[in-house]
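Good morning, colleagues. May I ask you to turn to the structure on the screen?

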Amino acid sequence: MSQQVVTALSGFALIICCLANDSKLSGVISVAVVAIYAVYAIRKQRDYFFLYAALLFAVFANIIGCAVAEYFPVYLSEIRAYSSFCGSLPLLVLSRWAFLAVLLHFGDCFGRKAPIQEWMGDSASRVVAMVVLAALLFMLVMTVRNPPSFVVGMDRFAYASAFNNSSVYRMLTNAMPYLIFVIIAATRWGMKLLGWAGVVAWAIILVWTGTKFGGFFNLVCAFMIVYCDRLSCLREGAARVLSVLIIVVMAGLIAVSAIVYGTYGTGTGADFLFARTAQQGQIWWATYEKADGAFRLDRVEGEILGAVNDGGSIAGNKGSTHGIYGMMYLNAPTDLVDGKLAQGSRYTEGGYAAMYYSGGLTGVLLFSLAMSGIFFFVIRGLGVALKRGRAIEVVMLARLFIVLQTALSMGTFADLIDPVSLGSYAYLIFSSFLRARGDRPCFLRMPCAS
């Protein structure tokens, strides 16, 4: 059966589920369909899992979170409401399926095999890697001079407020999720010892400061992108074993998070997992009940203006009506939201909810198609920059990859048009123009390493 037929049949099944969303069975079927489609995509394109692991996790965390809210009567403390069945799951699954389908079909349309070449790393890339490594070592020294979080019994938020709260340290902490790509790539640019030393240093910092899942998950995903060419060229049996091993590691990180919460938190580990899972879908579930599903031009304009006139920080968006902020105020008491934002914290997975509230079915589907297309070209471009040893482009594209994940999750786009991003676009376009005649790397499927 061809890929187009599989996509068409799965899409048709999901549309039927949306039409019959008043039945609880339709939600179960829709989840089964998208899960089967994801497995098909992973088997169809061997690099699909390694390149898009972070996106796959976000997709299914959102779907499972919504399923918990739909099928289990759980109290959602962040919006002060008890969940119940309302038929929101099939439409969410359809929109997320469209996101995965675009990644799969773009891989076929633009994923032509490139000639096998060795990785390159020139003196400039080595200098950038050395600078990042020096920053990591500085962070490590600043971190280990304080007692570890598991000794003082603090989570990472409380620990960050109590220790190492200088502006330089915070800046490096915020930048390291994308700078770590350079450190991992250094292991393939002829600096294996320094590269692996940097990876170990970052892992120690994450453990020391109380990071339970997110930072380690980002590290694993970065490793898979950097080593995607080798991982996807493993024999089928070895690739399957490695994929299962990676999933087990991720599950282990989640289990560690639950154990740590059960040890230092106010509830049990099971309570933590159940509550955190529901949080991934609560905003969509609550918004679906309040929205009329129609395309509202005034609301779309509000989202656009909100992206341009963003408050600049989480606390600065008190009273904002765009993206995740608007969905928080729509679904939770104002005093609760004001307090949350004042602490520099916000809820998660409000992007699709904001698009549905503003644009209905059309809004969420267009959002999925646009974001998946952008993700595809950014990740493929990142792969080319990594392989060619263009460290500055690696930093810019890796940052854009991280920013896009926030935009997808939160429905906030200010970071995509800030001065750093605009400068990155100009640099990438200009450098591509200069190489246009002599070097034409397209955004290809990453070639197998020799």
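I shall discuss the packing of helices and then the cysteines.

This is a predicted model, in which local features need pLDDT of at least 70 and side-chain atom pairs count only at pLDDT 80 or more, while totals for chains, interfaces and linings use all residues. Residues are numbered from 1 along each chain as its sequence is written, and side-chain values use heavy atoms, with hydrogens and water left out.

Helices here are DSSP runs of H or I, at least four residues, numbered from the N terminus. Axes are lines fitted to C-alpha atoms over the stretch in contact, and angles run from 0 to 180 degrees between N-to-C directions.

Helix α5, residues 123-144, and helix α9, residues 192-208, have axes that come within 9 Å and cross at roughly 30°. Contact means heavy atoms within 4.5 Å; among the residues making it are M130, L133 and L136 of α5 and L194, G198 and W202 of α9.

Helix α8, residues 167-186, also packs with α9, at an angle of about 145° and with the axes 10 Å apart. On this side, residues including Y169, T173 and M176 in α8 meet residues including K192, G198 and W202 in α9.

How many disulfides does the structure hold? It holds zero, a disulfide being a pair of cysteine sulfur atoms within 2.5 Å. The closest cysteine sulfur to that of C66 lies in C86, 7.0 Å away, too far for a bond. C66 is buried (under 20% relative accessible area; exposed is over 50%, partly exposed in between, with a 1.4 Å probe and protein chains only), at 0%. C221 is likewise buried, at 6%.

Conventions. Helix = DSSP H or I, 4+ residues; strand = E, 2+ residues; numbered from the N terminus.
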